[in-house]
Amino acid sequence: IWLQNEGMIPDQINTFLAPYKEVIIFYDNDKAGLFASNKLAKVVHNPTKLIYSDIKHIKDISDMYCYKGKEYTETWLKNILTAGENSSKKTCIKTKNSMN
């Protein structure tokens with residue numbers, strides 16, 4: 001589900017997400033994005049996974065594509081979306097349990 005912006009959380013978000021086993025939250029890699037990711041994760045009833053790159057000049061996936069290229073971005077996405085909680089030193093993955 002794509003949301004209009006990082007600050008917006010629909011009233012019926014949990015209704016929309018009910019059919020899904022896990023929710024991946026993938027906001028911008030900046031202070032506002034990290035704050036909004038954690039805020040959304042607290043509202044969502046499903047298990048969540050917050051992902052973002054730890055490359056500081058990469059704000060979002062389009063920056064990664066621009067600076068690192070298509071192959072790097074596709075590989076990163078495949079790896080991060082299938083990664084375990086502690087599987088990568090170059091990527092941050094936070095699950096709802098690790099945020100407490």
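A residue counts as buried under 20% relative accessible area, as exposed over 50%, and as partly exposed in between, with a 1.4 Å probe and protein chains only. Helices (H or I, at least four residues) and strands (E, at least two) are DSSP runs, numbered from the N terminus.

The model is predicted: local features need pLDDT of at least 70 and side-chain atom pairs count only at pLDDT 80 or more, whereas totals for chains, interfaces and linings use all residues. Residues are numbered from 1 along each chain as its sequence is written, and side-chain values use heavy atoms, with hydrogens and water left out.

**Whole chain**

Begin with the whole protein, coloured by secondary structure. Four helices and three strands are present, in the order α-β-α-β-α-α-β from the N terminus on. Of the 100 residues, 34% count as buried. The protein exposes about 7000 Å², of which carbon and sulfur atoms supply 54%; accessible areas come from the Shrake-Rupley method with a 1.4 Å probe, and for residues only the protein chains shown count as cover. Among contacts (heavy atoms within 4.5 Å) with a separation of 6 or more, 60% join residues 24 or more positions apart.

**Strand 2**

Next, select residues 48-53. Strand 2 is largely enclosed by the rest of the structure, because six of its six residues are buried. T48, L50 and Y52 point one way from the strand, while K49, I51 and S53 point the other way. I25 has L50 as its bridge partner in strand 2.

**S37**

Which residues does S37 contact, leaving aside its neighbours within four places in sequence? Select S37, in helix 2 (residues 31-43), to see contacts with I25, Y27 and L50. S37 is buried, with a relative accessible area of 6%. Its C-alpha atom is separated by 7.5 Å from that of F26, eleven residues apart along the chain.

**D60**

Move to D60, in the loop between strand 2 and helix 3 (61-68). D60 is partly exposed, at a relative accessible area of 26%. D30 lies 30 residues from D60 in sequence and 8.7 Å from it in space, C-alpha to C-alpha.

**The largest pocket**

Finally, select I1, W2, L3, I24 and Y27, which lie nearest the centre of the largest pocket among its 17 lining residues. Strand 1 gives the most, with three residues. About 420 Å³ of space lies in the pocket.

How values were computed: On a 1 Å grid over the protein atoms alone, a cavity is a set of points where a 1.4 Å probe fits but cannot get out, and a pocket is an open set with protein on both sides within 12 Å along at least five of seven lines; lining residues have an atom within 4 Å of a point. Grid points are joined across faces, edges and corners, and a volume is the space filled by probe spheres set on the points. Two strands pair if DSSP finds at least two bridges between them.
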